[in-house]
2 protein chains.
Amino acid sequence: MRRRRFLEGLTALAALRAHRAGAADPLPRVNAERLRRRLEELSVFGRPAGGTFADGVSRTGFSAADVAAREHVLAQMRTLELAPAVDAAGNIRGRRAGASAGLPPILFGSHIDSVRGGGNFDGDVGSMSALEVVATLAEHRVPTRHPLEVVIWAAEESNYGSGLHGSRMAVGQLEPGEWDRVQDGVRKADALRRIGGDPDRIAEARREPGSFHAYLELHVEQGGRLDREGVPIGIVEGIVTIDDYDVVVRGFANHAGTTPMAGRKDALVAASEVVLAVRAVATSEPGAQVGTVGQLSLVPGAPNVIPGEVRMTVEFRDLDGARVTRLGQALQQRVGQIAAETSTAIEITHSSRHEGARTHPRIQEAIAGAAAARGLRTVRLPSGAGHDAQMMARLGPIGMIFVPSVGGISHSPRELSRWEDCAQGADVLLGTILELDALDRIA
Amino acid sequence: MRRRRFLEGLTALAALRAHRAGAADPLPRVNAERLRRRLEELSVFGRPAGGTFADGVSRTGFSAADVAAREHVLAQMRTLELAPAVDAAGNIRGRRAGASAGLPPILFGSHIDSVRGGGNFDGDVGSMSALEVVATLAEHRVPTRHPLEVVIWAAEESNYGSGLHGSRMAVGQLEPGEWDRVQDGVRKADALRRIGGDPDRIAEARREPGSFHAYLELHVEQGGRLDREGVPIGIVEGIVTIDDYDVVVRGFANHAGTTPMAGRKDALVAASEVVLAVRAVATSEPGAQVGTVGQLSLVPGAPNVIPGEVRMTVEFRDLDGARVTRLGQALQQRVGQIAAETSTAIEITHSSRHEGARTHPRIQEAIAGAAAARGLRTVRLPSGAGHDAQMMARLGPIGMIFVPSVGGISHSPRELSRWEDCAQGADVLLGTILELDALDRIA
């Protein structure tokens, strides 16, 4: 038994070496048709009544649709002999043994929950590709030295006031009152039990630093860059850090007819200056950083009354956490000037920071190699959205592969990644796993 | 009878002449204490349960509180032998005979309905002062040549989608579907019947052009100018014209993390430029014109989504209707540039125009004379708010007297005009009536 595994390991290594030497591609490729079928089969869970694939899904974490989809995935993993189990956080974990004793597993996967009114690609592409990679390796009888672990993270999308549920639990990052939060009349503790998790044993879902060789995640870009530039593979440099601010502008509500322009304390005029300042600050230096005001509301809100108060949100994102901090400081300074110029009081509160993470350079290199071997162009780019990978980065080296989102549309039934792009992404995931498998340690 | 009236008329004229010649003030003055009592007695109708005078009133037109207050006013007018009647529009009209046959009446009054959560001065001061003026003339046995007509306009404040109900009916300006509009489950036709009006005979509420000598209205300023400058009497030059616009900004909603700054079509950034453009346009030339964005809403309205659409209102006001038009045109032009610069589509629709009205120079002069005779400083100013007087201006010469609003606060329980200011305003109203009474015709 052990000898057979050893021989299979040698075969895999030989294939890998041939590939790296630039020989004609000797590596197994995923079955593109089968991957498509996996995505289509998953798409029925949470699909609007009477809808089609194009109508997307509402498969929010912990929902009945989520529970049904998880059962479907568990069954698929059993077919692949991954012996799947659900941990205390509700994460689904399946394992394929490695050929060399004592090596830590290579983790890969994504999530299958969606936003309300979401599409069939965000999370699903990475999850179904993970299964397809295992199926391809089994089919071609390719062993790996490291064990492989497929992980389907529970409730990645925002739910109960925060996202990345499963991966947060894996690093032990509980938030205050985590289990007592209520959504749609259900406590989070009870919601977790619905998917087979157990809040009382949540510590068992923790993973230790250094307990895995690498964490890999294939995902749709959600932005429009790959699609616009016609590049099939994105090598993610990291996941951005996000700073959120709440801004309250206080002016004075008064009659729009009887209050002269000079005597006004118009909260909306001040807020408009803040909106433009956010844009000016974000574009004041070269780089991929972004700044957004996504919410704005005012009172009293009558056509003939000068707005007395405006509340708005501001967020800044960048791969460089220090730059994110700097953008917020620059806004604070500008806001002080705006308040003085508009005779208003502006309060800006730093409501939260989501620490991003860099991907490992060696894994970026492995992705680049796997793509190059398949003749696929790549571009390096940051991930502007959050991913479970950023939690895993606290425990070990991570890497992320992006495939194009047509038109950059995301979190919508209209989100779309072409089947061939999905299959090429899965192929690069497979190639990256095999390349990293050759290493004992990533440094 | 006729001879007695003629003699009384001569007495009034003699008093008037003595006054105009600069003699020691021979004219009757209103009873300031009694005027205050009138205002305090009226304030109980629509007062919040358990409240005091300082808590203001919610005495919206056609409401139970309005009906009760109207009964109270009708009773007071009967005491003053004004033989009050309610016309088909619900306006309360009371009449005191004049000494000279064939002369048209001098109309004066205001309204007693309030906004929801209003104060005790807007409308009330002019209405109660009208009664106090009649009481003073009766007490001092001062006849007038012209008949006097006190009018309490029905439902001046916005109600059922528009304001100036009673005075609009007096000029025959019905709006489409006027009677079928529903508010709080009640059709306007039925609401009108509650206050003794009759929608089926509404034509009877019309007044003819030239049917009155002058229309006078005393009102609180609602702005802060008189209070700030310490001037007790404002001579209103006219009521502003208002142009209302609806603006829709269409951009493209997308993920705030994955959409680079350069590729954004941020509807809120464009809308903020429009808000600042409204202010810039309104302040681009000297004058008292104003421009306001009072309502603004956006979709989808999530902190991490770039706003895809913004809807907002814009209004411009000025005494000069041509300038109001010009301000709108200047905004239109600027909006075209903003749309191009922000990659958005901006639609600006002229939703309505409220024609203002100039007050008559001869009446302004009479007000100035009456104030001067009492040693009261005056300032000429526009009315930025609408008043029933602007409807009456279509039928004959009008004049308006303003008294200070402390802090310029209006449409709030906190609106306040000092008792002495109210009494001085009523004195100037009385003096103006007597001065105009000496004229057969205002030209």
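**Close-up 1. Helix H4 against helix H12 in chain A.** In this predicted model, helix H4 (residues 124-139) of chain A packs on helix H12 (residues 419-437) of chain A at an angle of about 60 degrees. Their axes lie 9 Å apart. The angle makes H4(A) oblique to H12(A). The crossing of H4(A) and H12(A) is right-handed. From H4(A), the contact uses A:Val125, A:Ser129, A:Ala130, A:Val133, A:Thr136 and A:Leu137. H12(A) supplies A:Cys422, A:Ala426, A:Leu429, A:Leu430, A:Ile433 and A:Leu434. Sorted by class, the contact of H4(A) with H12(A) holds 10 nonpolar, two polar and no charged residues.

**Close-up 2. Helix H10 against helix H12 in chain A.** The axes of helix H10 (residues 361-373) of chain A and H12(A) come within 8 Å. They cross at roughly 125 degrees, so H10(A) and H12(A) are oblique to each other. This crossing of H10(A) and H12(A) is right-handed. On the H10(A) side are A:Arg362, A:Ile363, A:Ala366, A:Ile367, A:Gly369, A:Ala370 and A:Ala371. They meet A:Val428, A:Gly431, A:Thr432, A:Glu435 and A:Leu436 of H12(A). By class, the contact of H10(A) with H12(A) counts seven nonpolar, three polar and two charged residues.

**Close-up 3. The interface of chain A and chain B.** Here 48 residues of chain A contact 47 residues of chain B. Between them, chain A and chain B bury about 3,800 Å². Carbon and sulfur atoms account for 61% of that area. In chain A, the residues losing the most area to chain B are A:Met261, A:Arg279 and A:Pro303. Together they make up 16% of what that side buries.

Close-up 4. Most peptide bonds are trans. The bond that joins A:Val299 and A:Pro300 is cis, with omega about 0 degrees. A:Pro300 sits in the loop between strand S12 (296-299) and strand S13 (305-306) of chain A. In chain B, a cis peptide bond joins B:Val299 and B:Pro300, with omega about 0 degrees. B:Pro300 is in the loop between strand S12 (296-299) and strand S13 (305-306) of chain B.

**Close-up 5. The backbone at A:Tyr160.** Most residues other than glycine have a negative phi. A:Tyr160 is not a glycine, yet its phi is positive, about 50 degrees. A:Tyr160 lies in the loop between strand S4 (148-153) and helix H5 (165-170) of chain A.

Conventions
Residues numbered from 1 in each chain as written. Chains lettered and ligands numbered in written order. Predicted model: local features only at pLDDT ≥ 70, side-chain atom pairs only at ≥ 80, totals over all residues. Heavy atoms only, no water. Axes fitted to C-alpha atoms, helices over the stretch in contact; angles between N-to-C directions. Helix = DSSP H or I, 4+ residues; strand = E, 2+ residues; numbered from the N terminus. Parallel < 35°, antiparallel > 145°, perpendicular 65-115°, else oblique. Left-handed = near helix turned anticlockwise from the far one by under 90°. Contact = heavy atoms within 4.5 Å. Nonpolar A, V, L, I, M, F, W, Y, C, P; charged D, E, K, R; others polar. Buried area = accessible area lost by both parts, 1.4 Å probe.
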